[in-house]
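Colleague: I am new to this structure and would like to know what lies behind the terms used for it. Could you take me through them?

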Amino acid sequence: MISTRTPVLAAADLDRLTAAVALIGAHDTRSALESALPSLDAEQRAAITRHAALDHVALLVFPETLTGLADELSARGIEVGTMTPSVVVRDRLSSRYSVPVADLQVGILRAPVTDRNGWPCELEIFVLVTPPELAHIAEDERRHGRENHVALAVRRPDPVLLRGLRALIAGAMRPDGGGYNGYENSSLLYFRDAHGADPAFRRLELIATGRFAQLEALHQRESCAGTELLGLLTGAWATQAVATAAELRLFDHLASVADLPSLALETETDLQSLARLLRYLASLGVVRALGDGYALTELGELLRSDRAGSMRPLALMYGGPFYRSFAELTESVRSGQESYAKAFGAHHFAHMAADSALAELFHGSMAASNAMFTGVTKVVDFSGARTVVDVAGGNGELLARVLHATPAARGVLLDLPNALAAAEPRLAGLAGRVSLVPGDFTRAVPGTGDVYLLSRVLHDWDDDQCRTILSTCARDMPAHAELLVIERLLPEAGADSLAVPWDVHMLCNTGGRERSETHYRALLAEAGFDLVETHALPLDAHVMRARKAL
């Protein structure tokens with residue numbers, strides 16, 4: 001006798017279930033991580049594998065009734081156990097479709113399956129009882145698969161381990177909600193990569209036995225894309241808050257004063273307004289609450305004016321002249337020209353040269369980034385150099401470091417007169433070994449050097465001007481001499497680097513640009529140089545060592 005019973009599940013759902021079983025059978029933990037997290041390297045994926053294992057593949061189906069569902073699944077070879085309530089998925093559906101929780105009946109069925117190595121896993125089936133009035137949910141969810149996921153179960157979870165795994169995965173996939181399932185005493189953290197190459201692995205779940213309330217709250221907060229976007233949009237507020245504190249010398253006062261009334265008195269500010277500023281600065285990590293007052297953090301210490309290499313001038317530059325020029329970024333993007341000239345009526349260098357106070361601030365801000373020079377003498381051997389020529393060396397910081405590390409060498413600093421004046425104090429202790437030479441490095445460089453330094457210069461200029469500068473160096477340098485170019489390098493792949501925002505900074509403020517190593521190699525070759533080697537330095541800088549081509 002032929003059965004005329006109406007199927008409980010739609011054919012589309014049955015096909016999706018079959019595909020999910022096949023997906024588990026084709027993978028194990030290692031291959032699932034390769035598919036879900038291709039941007040992580042093998043070592044990072046191996047670290048996850050040591051602490052978590054493929055647990056299940058999940059999808060959401062939409063029967064109109066639960067009656068006969070288990071039998072229909074069994075007929076397909078899917079043997080499920082007792083249904084348990086789903087709290088997290090129910091709440092997500094309620095929020096997504098503005099349907100009261102009470103109107104949603106969502107459960108979880110589990111069926112044993114094995115991965116490609118024969119290890120036990122599960123097929124996790126979320127079941128939304130779907131009467132006709134909820135059919136729009138079924139249609140939309142089948143199309144977008146928002147609750148489909150591949151899950152990893154964390155072995156022996158603890159707060160430190162789970163936080164580390166979450167941070168590693170969140171570097172490659174966006175947090176996508178989660179919560180605590182009290183029926184099963186498990187914490188669930190979801191992640192999504194909407195543009196992942198394999199649609200089956202665009203959503204990942206971490207399951208951990210127990211409750212981790214603080215981590216769940218953090219994950220939920222970061223799952224709201226608007227929160228992250230607001231953080232980006234208010235970045236200018238952070239710049240101004242730090243710059244205001246620097247202008248008030250708040251970081252200097254905090255070195256000896258902690259209570260708010262005394263700080264307000266020292267800085268001549270309104271007590272309540274200062275308290276609000278400090279609370280914001282604490283959220284930025286430059287100060288910390290201490291009793292009824294505040295104290296400096298390690299970051300805040302960098303902004304004290306009496307600290308060697310103080311970054312206070314940078315704070316004043318980024319919150320002052322460069323803040324104004326960045327406000328004209330739209331014009332730079334439209335025209336391809338620097339916005340600094342539009343904001344101030346003159347090119348960056350000409351404008352600063354005409355204002356002694358501004359020039360002093362600029363040289364101070366350049367000195368604040370001198371930490372990038374700390375590794376130069378470690379990765380480059382200057383022992384054979386008799387004369388080191390620093391081309392457009394500004395305050396002479398790099399040249400001073402090289403000469404201190406190479407007692408037998410002499411130095412030549414070539415720059416404009418106002419820059420040489422700023423360098424005199426830094427080079428005073430080396431007066432007998434340094435010559436200060438005024439000149440235009442685009443026209444000529446001294447021909448007496450063994451090593452030439454070109455630090456943070458080329459990024460100020462477009463490619464044509466860089467060719468001129470490099471060709472001048474190639475023409476005037478002795479045949480045996482070497483050229484060291486120090487710049488931030490744009491990553492060849494999608495790695496994080498300060499060079500990326502600095503590239504836009506150069507667009508706005510000098511008309512120059514940051515470049516990749518490949519780009520610099522080509523410019524050097526055009527001028528007659530071979531790039532011999534490249535070494536990383538602090539603050540995402542690099543030193544590129546070049547010789548004249550044979």
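Modeller: Gladly; residues here are numbered from 1 along each chain as its sequence is written. The model is predicted, so local features need pLDDT of at least 70 and side-chain atom pairs pLDDT 80 or more, totals for chains, interfaces and linings use all residues, and side-chain values use heavy atoms, without hydrogens and water.

Colleague: What makes a run of residues a helix or a strand, and how many are there in the protein?

Modeller: Helices are DSSP runs of H or I with at least four residues, and strands are runs of E with at least two, numbered from the N terminus; on that basis the protein has 26 helices and 18 strands.

Colleague: How do you know that β1 and β5 pair?

Modeller: Two strands pair if DSSP finds at least two bridges between them, and strand β1 (residues 52-61) has six bridges with strand β5 (residues 149-154), in the antiparallel sense. Among the residues involved, H56 has A151 in β5 as its bridge partner.

Colleague: In which order do the strands of the open sheet lie?

Modeller: The eight strands follow the order β2-β3-β4-β1-β5-β8-β7-β6, with mixed pairing. Because β2 (84-85) and β6 (174-181) each have a single partner strand, they stand at the edges, and one side of each is left without a neighbour in the sheet.

Colleague: What share of the residues is called buried?

Modeller: Buried means under 20% relative accessible area (1.4 Å probe, protein chains only), with exposed over 50% and partly exposed in between; 47% of the 550 residues count as buried.
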